[in-house]
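Hi everyone, thanks for coming.

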Amino acid sequence: MGTTVLIVDDSKLARIVVAKAIAALQPGWAKIEASNADEALAILRDGRIDLAVLDFNMPGRNGLELAEQMRHRYPDMPIALATANVQDEVIARARAANATFVSKPITEDGIRDFLSGAALKLRAVHG
């Protein structure tokens, strides 16, 4: 069973950048992309997703609202919230949803800690 990461961003270019950063750090991980919260929820219903990287600013539900929804169904899933919008209220809500902040634009260095932590957590859960 490999590890599958869900990348949710309304920008195709941003999804490519995130996928490249993940591939550089975790080459064996599968990546599934969604362009909005509804698509992401449909993918989550259909398959086994191990962790997620969510864009904050998206049309419809934003990444924080999606993270809060996901947290109810997947209490232990590692979730990263990617944003350039680091306001206190957003940080507080992200912490409450147990989501990790990753600043945009996403780089290998910027996402390394989240992916390392997620890999350790997943190993602990899956053995």
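This is a predicted model: local features need pLDDT of at least 70, side-chain atom pairs count only at pLDDT 80 or more; totals for chains, interfaces and linings use all residues.

Let's begin inside. How many cavities of 30 Å³ or more does the structure hold? There is 1, and the volume of this largest cavity is about 30 Å³. Its lining is made up of Ile7, Val8, Asp9, Val18, Val53, Leu54, Asp55, Ala82, Lys104 and Ile106. Strands β1 (4–8) and β3 (51–55) each bring at least two residues to that lining, and β3 contributes the most, with 3 residues. If you sort the cavity lining by class, you get 7 nonpolar and 3 charged residues, with no polar ones.

Now for the pocket. The second largest pocket holds about 160 Å³ of space. Around it sit 13 lining residues, and the ones nearest its centre are Ile49, Asp50, Met77, Leu122 and His126. Which helix supplies the largest share of this lining? That is helix α5, residues 108–126, with 4 residues. By class, the lining of the second largest pocket has 7 nonpolar, 4 charged and 2 polar residues.

Last stop, the outside. Leu13, Ile16 and Val17 make up a nonpolar surface patch, and together they have about 250 Å² of accessible area. Val17 belongs to helix α1, residues 12–25. Patch members need over 30% relative accessible area; Val17, at 34%, is partly exposed.

That's my tour, and I'm happy to take questions.

Definitions and conventions
Residues are numbered from 1 along each chain as its sequence is written. Side-chain values use heavy atoms; hydrogens and water are left out. On a 1 Å grid over the protein atoms alone, a cavity is a set of points where a 1.4 Å probe fits but cannot get out, and a pocket is an open set with protein on both sides within 12 Å along at least five of seven lines; lining residues have an atom within 4 Å of a point. Grid points are joined across faces, edges and corners, and a volume is the space filled by probe spheres set on the points. Ala, Val, Leu, Ile, Met, Phe, Trp, Tyr, Cys and Pro count as nonpolar, Asp, Glu, Lys and Arg as charged, and the others, Gly among them, as polar. Patches are made of residues with over 30% relative accessible area and no salt bridge: like charges are joined within 9 Å, nonpolar side chains (Val, Leu, Ile, Met, Phe, Trp, Tyr) within 5 Å. Accessible areas come from the Shrake-Rupley method with a 1.4 Å probe; for residues, only the protein chains shown count as cover. A salt bridge is a side-chain nitrogen of Lys or Arg within 4 Å of a carboxyl oxygen of Asp or Glu. Buried means under 20% relative accessible area, exposed over 50%, partly exposed in between (1.4 Å probe, protein chains only).
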